[in-house]
Amino acid sequence: MSTASWNTNWSKNFFSPNYYAGVANNYALMPLAVPEQTTDRTKMFTLIPQLAQSWDINDTARTVTIHLRTDAKWDNGQPVTSKDLMDWFLLSAVNAQQIFQQDIQNLSAPSTHEFIVTFNANVANINERGYIAAMTPIPDSVYGKLMPAGLQKDVLTYTALQNTNPAAAAKSPSYQVIKQVLQKLQAFEPSTFVGDGPFRIVRTTTAESQLVKSKTFYGAAKIHPSGVSMVNTLSSSISNGIFPKLLSHRVDWYNGSAPATIFDRWKHASDAGYATAPNDIQFELYFNNRRYPFSMVQVRQAIAYVIDRKTLLDEEGGGSTVSKWVRYPYGMTESVGPIWITKAQLQSLNPYTHNPTKAAELLTSLHFVRKSGHWIMPNGKPFTTTVIAPSSPTDAVVAAKTAASMLTAFGISATASAIDTTGYTQKIEKGDFDIEWNTGMGGNLQPVCGIDTALGAPNNFGGAPLYTGDPGIGFGPEAVVPGLGKVNIPNTVADQCQHTNAGPRLAELAWDWAQLVNQQLPYLSYGDNYLVDYYSTSHYNNWPPKDNSLWPETGLYSASALVMMMEQGYIRPRG
Amino acid sequence: MLSYIVRRVVVSIVTVYVVISLSFVLVRLMPGNAMDVLFNQLLKQGGLTTQQIYQKIKFLYGLEPHAPLWQQYVQYISNASRGDFGQSILTPGESVLHVILQALPWTIFSVAISLLLSFFIGIAAGTVMAAYRKRFSGKIITVVSTLLSAVPNYLIALLLILLLADLHPIFPSGGAYSSTVAPGWSLPFVASVISHVLLPVATYVITAFGAWALAMKGSVTTTLGADYIRAAESRGLRQQRILQTYIGRNAMLPMVTALALSLGGLFGGSVFIETIFSYPGIGYYLIQAVNSRDYPIMMGCFILITVAVVCANFVVDLLYPLVDPRVVRAWGDRAAKVSRAEKDEVSATVGSGAGGTT
């Protein structure tokens, strides 16, 4: 079976920044569980069991007890055990650290298929923390040799000390042990990839990856494709030509964005099926809130009235697009926002319907003057601006150009500028821009976390190691948030993202931030990204029906959704 | 001759040093840095919040080196002179040398074949263009060569992929070999390597042979006007013999020089072609390093290209006299003339000095 993968990395080391997650995760390496979005306000998501057969949560004792499947095996035939999960926790601590500093108090493996995590008292509603979904056992046969005896004690000792006395923690013997393990882990490159998933990775080149069906997978009987061949779509995304391969049915499944022309051709092609799925990304225009005149909320609002968000999204998509334009810009997508924001609340927000007259009134109220079709600022200078975008993807460049032309037509002389990705990131973090194209995670299942991607570090008064103190989009750092009063914006939104769980309080906070974003417009959301699942029935049929809940799942967890389809017996070779 | 060689060696070393130094400074003036790229990579991987990612980057890599630039420079030059080009920033634990040694065989393989093919095709075409420049065939070849040498190679690459890999899937569109074949000295692997290199080679040849052809045409045309050609014709020698022995050999001399110099450049690979075809050569990794601001990898590639070009120049300078003995005689004559002129000048000076002044 041939699919497409958004992946350019190549390392078999799970902890490497170059780990080929797109190839390995879910196909060859199983998580304990996969999140599924829910509209239940008492939960952010439900969990579909994978390697974990079940779990028990004890809020009083602050524990989560994982019961692993007893029939799960690694490619080398060894069983998946709680030791493999312990390895993941310990090496994650060595590698990332932050995970453990605030939340974990203890780890234990009382039996080969039972694992207990004890959380600190400040972690509320631990089933909401997403740990179960994030846990991924790694083979002890591969990674065990990197860990000295006693590493668990060192990790727990260090993290406990880090919470109370970071300076002492950095000098402790435990920290020295962790550093040594980290150096080994950084340099480690396994010769083969040992997984426990339905497929086994045979080979990866710069252009494609080859996986074959794993005989040791616990659900192998239900998996019908004999293998998966993945096309690397990102390494040379122009020329590898995923779309010609798709249209000629040399790719059986592709989940992603495509120009409207390709989508239209696919809809009319034979042996072609598709389903759409909401993604967690919103397309946004960020203002530099520290730079005159964008520091004035009326100017930002005026621009919101000038930008026709529907047209902008259509132009970006090359015509009609499955993505949906944002009717009410408040920082959350249509698939997440209505769960936390009531209809009445939503309708009380400002839709900023395209209205150049209203935009002109706002500018005039600030003593901007229009002369010969061009706006002049109160300081006497012409109102000019630049909309920057990364040079890839090209959609971003098109969006920047379209926005610039809309502003120019209104009388604000605007140009679009495409910058290479790395240079573009630096400009944003240093606050060296007027308006920038970007994406935010307004579709994050925890709505405040979606706001955090825009208003938290590093986008806003970032905590980035290299740009500490630089303003990013420069909103705040202190501002009045409805319902919260005057707060430090990046710190508060980050804290609430980390420590607020599902329930009435999250709904209140979501509404508070929604009002802020809608009224103050630190950024303007204009499109909710939807992905399309293109699937071919040339070689495989028995795809799930269109109303199957796994299709929307592909918007957020594409690979795991595809694997779950196979686990449920869907996707069979034709004939 | 010895002093000439020594001079050339010194100049070569100085050239390499200057290029390395300039590269060291210039790459660090580029906006952006490896930490930003790493951040985006980790963000795409998922599973960590932005705060966690920053903590991780800080823990793994520390902040930007605090040492002043000149100290970093001195350290780098010192290490490089001992063959230590550092480690990749974005692939911790992987040495620059390892990355280059992995990529180099693919580059040498593809670009060497491409270069030699385009050279020989270009030579043949250029000779025809010059010899039959008044005929229709000569004119057609001239127009085609001129047009193709002006077309960007990435455009040809995209067209070839569209026509021969996508619309008509005759060749693979990318990679160095198929992921279905185990690497090794086996027929399936060799066949896979060959099938994967054909389109990149075709791209290179199509866009490069025109330049060789035009250069050869110029060289042949110049040779055609030489007196010894007229003398050979007036002696009644066959046209074929004149073309091969008199015109061909003399016209080839500058082309051989150019080929030798080009061989030095082949170590840089073809950035566009390798990127478009995902061909894992030096050019492919250089582009990745530039995009991700992986300074050590960038510097390693620049050093490789510089040393290769300088060495190629040096070797050509040494070997050219073997190809064209007239160069040695001319050099000898020139040296003798200089020596005589110097002697005369000294004699005149001594004479006037001895005579004294009034």
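Which residues of chain B form a nonpolar patch on the surface? They are B:Leu2, B:Val6, B:Val10, B:Val14, B:Tyr17, B:Val18, B:Leu22, B:Val25, B:Leu26 and B:Leu29, with about 930 Å² of accessible area together. Such a patch is made of residues with over 30% relative accessible area and no salt bridge, with nonpolar side chains (Val, Leu, Ile, Met, Phe, Trp, Tyr) joined within 5 Å; a salt bridge is a side-chain nitrogen of Lys or Arg within 4 Å of a carboxyl oxygen of Asp or Glu. Areas come from the Shrake-Rupley method with a 1.4 Å probe, and for residues only the protein chains shown count as cover.

Before going on, a word on the model. It is predicted, so local features need pLDDT of at least 70 and side-chain atom pairs count only at pLDDT 80 or more, while totals for chains, interfaces and linings use all residues. Residues are numbered from 1 along each chain as its sequence is written, chains are lettered from A and ligands numbered from 1 in the order written, and side-chain values use heavy atoms, without hydrogens or water.

Helices (H or I, at least four residues) and strands (E, at least two) are DSSP runs numbered from the N terminus. B:Leu2 is exposed, at 63% relative accessible area; exposed means over 50%, buried under 20%, and partly exposed in between (1.4 Å probe, protein chains only). Chain B has 14 helices and 0 strands, and 41% of its 358 residues are buried.

Now let's step inside. The largest nonpolar core has 161 residues, of which A:Ile66, A:Leu455 and A:Trp513 touch the most other members. Helix H20 (residues 504-520) of chain A gives the most to this core, with 9 residues. A core is a set of buried Ala, Val, Leu, Ile, Met, Phe, Trp, Tyr and Cys residues joined through side-chain atoms within 4.5 Å. A second, separate core of 40 residues includes B:Leu115, B:Ala176, B:Ala232 and B:Ile276.

H20 of chain A also holds A:Gln515, which counts as buried at 14% relative accessibility. Beyond neighbours within four places in sequence, A:Gln515 is in contact (heavy atoms within 4.5 Å) with A:Leu349, A:Pro482 and A:Gln520.

Finally, look at helix H12 (residues 309-316) of chain A, where A:Arg309, A:Leu312, A:Leu313 and A:Glu316 are buried. These residues lie on the same side of H12(A) because they cover an arc of only 95° around the axis, taken from the directions from the helix axis to the C-beta atoms.

Terms used: Patch = residues over 30% accessible without salt bridge, like charges linked within 9 Å, V, L, I, M, F, W, Y side chains within 5 Å.
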